[in-house]
Amino acid sequence: MNIRGSLALPAVLSFVMAFGVGCSDKGNDVSGEAPMAYVTNQNGGVSVIDLNTFEVVSEYDVEGKGPRGIGITKDGKSIIVANVDGGDVSIIDRKSGAVIKHIPIGENPEFVRVIAGRAYISFEPASLGGPPPKPGSEEAKKLEEEREEDDAEPAKIAVVDLEAGEVADEITGGMETEGIELSADGTKLIITNEADENITVHDVATGELLKTISTESYGHRPRGIKATSDGKMYVGSIEYGNKLVVMDENFEVVRTVDTGEVPYGLSFNRDGSRLYVALSKGRALQVFDTSTWQEIARGETGKRCWHFTFTPDEKNILVACGRSDEVVVLNAEDMSVVKRLEGFKMPWGVVAYPKSTGSLDSTWQ
């Protein structure tokens, strides 16, 4: 692992006291507050949605370029946003919307997972930007050859200590690392590597590669990865295979499940009895019974819907649809459309507070 230097203690204390980044695991102070959702707009800032009314009530300026990944600390004090075109993350005071600090990450930071006072952020030095070439195409083969010739640098996971306000560690991933998950005991980092056609498992403390699970036989471009709260099951989505890969606690593939067109974001419900899958080209949120792996429901969404979150009361689901510039609200029970919120600017990620389960967050972490 590449361990970066620490801030001097006075600087850390000054940073924390002045801005209250507050990443402890102790309770929250949102008594009396309306529950809110926070949506990153790749061509704008962070939209704030009142979940009692499903109305946009504010937009936060991230003071960065191309906000994509988003997470919230457990105590609800801070929002962390990855700015893909700026090479940094913005730390934002959740209540006021003020930017507390920018932390340089590296080229093309994208996916964010916030767990136990740390943010895990993927960044891709070798990314060309824009949509990747179609798997198996001449363009894709040429890109792979060029990367091999140039000895292209693989993607990495920046481990940000949110209290110190700095990158503490880096874990080397694969080519075009995307999804990030942690094991239930917090000792293992599980990531999807799109261009390498695999899922890899790493030791969180050392960064050591523990296991590689090839997904090439199931299709192309693994994207999402999600664990159950007990750590007994992990599921990855294979975007250009229209499949889910189901793994046990030892990361052995135990089955595959056919999905609708181009699956990406994943989330179990709180008890793990259902798995929700965002279908980017299928324009739907697909629901599976995890005891039988039969589809039990499907809710209509929009164009390029990658990420979603449950509301804190688990009655509704908000889906961010990037190419139709909308957030679709679904009834979590019957998957009917409750409301369509328009006027977004290529929305990418969405999370809620109080902390809720979704494709970018988990209530149990």
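Mentor: One term to begin with. Buried means under 20% relative accessible area, exposed means over 50%, and partly exposed is in between.
Trainee: OK, so is Arg 270 buried, partly exposed or exposed?
Mentor: Partly exposed, because its relative accessible area is 47%. Keep in mind that this is a predicted model.
Trainee: What does Arg 270 pair with in a salt bridge?
Mentor: Glu 314. The N to O distance is 2.5 Å. Glu 314 is partly exposed too, at 32% relative accessibility.
Trainee: How many salt bridges does the structure hold?
Mentor: It holds 21. One of them joins Glu 252 and Lys 211, with the closest N and O atoms 2.6 Å apart. Glu 252 is in the loop between β18 and β19, while Lys 211 is in strand β15.
Trainee: Is Lys 211 buried or partly exposed?
Mentor: Partly exposed, because its relative accessible area is 23%. For Glu 252 the value is 42%, so that residue is partly exposed as well.
Trainee: Which residues are linked in a network of salt bridges?
Mentor: Glu 176, Glu 178, Glu 194, Arg 221, Arg 223 and Glu 239.
Trainee: Back to β15. Which sheet is it in?
Mentor: An open one of four strands, in the order β12-β13-β14-β15, with antiparallel pairing. β12 and β15 are the edge strands, and each pairs on one side only. Neighbouring strands are turned by 20 degrees against each other on average, direction ignored.
Trainee: How many bridges join β14 and β15?
Mentor: Five. Lys 211 in β15 stands opposite Val 201.
Trainee: New topic. How many residues are in the largest nonpolar core?
Mentor: It has 29. Tyr 38, Ile 70, Ile 79, Tyr 120 and Leu 189 have the most contacts inside it. Strand β28 gives the largest share, three residues.
Trainee: What does Ile 70 touch?
Mentor: Its partners include Tyr 38, Ile 79, Val 350 and Leu 360.
Trainee: Last one. What is the mean pLDDT of the protein?
Mentor: It is 88, and 84% of the residues reach 70 or more. Residues 1-30 are below 50.

Note on methods
Residues numbered from 1 in each chain as written. Predicted model: local features only at pLDDT ≥ 70, side-chain atom pairs only at ≥ 80, totals over all residues. Heavy atoms only, no water. Pairing = 2+ DSSP bridges. Helix = DSSP H or I, 4+ residues; strand = E, 2+ residues; numbered from the N terminus. Axes fitted to C-alpha atoms, helices over the stretch in contact; angles between N-to-C directions. pLDDT = per-residue confidence, 0-100. Contact = heavy atoms within 4.5 Å. Core = buried A, V, L, I, M, F, W, Y, C linked by side-chain atoms within 4.5 Å. Buried < 20%, exposed > 50% of the residue type's maximum accessible area, 1.4 Å probe, protein only. Salt bridge = Lys/Arg side-chain N within 4 Å of Asp/Glu carboxyl O. Lists of a residue's contacts leave out its neighbours within four places in sequence.
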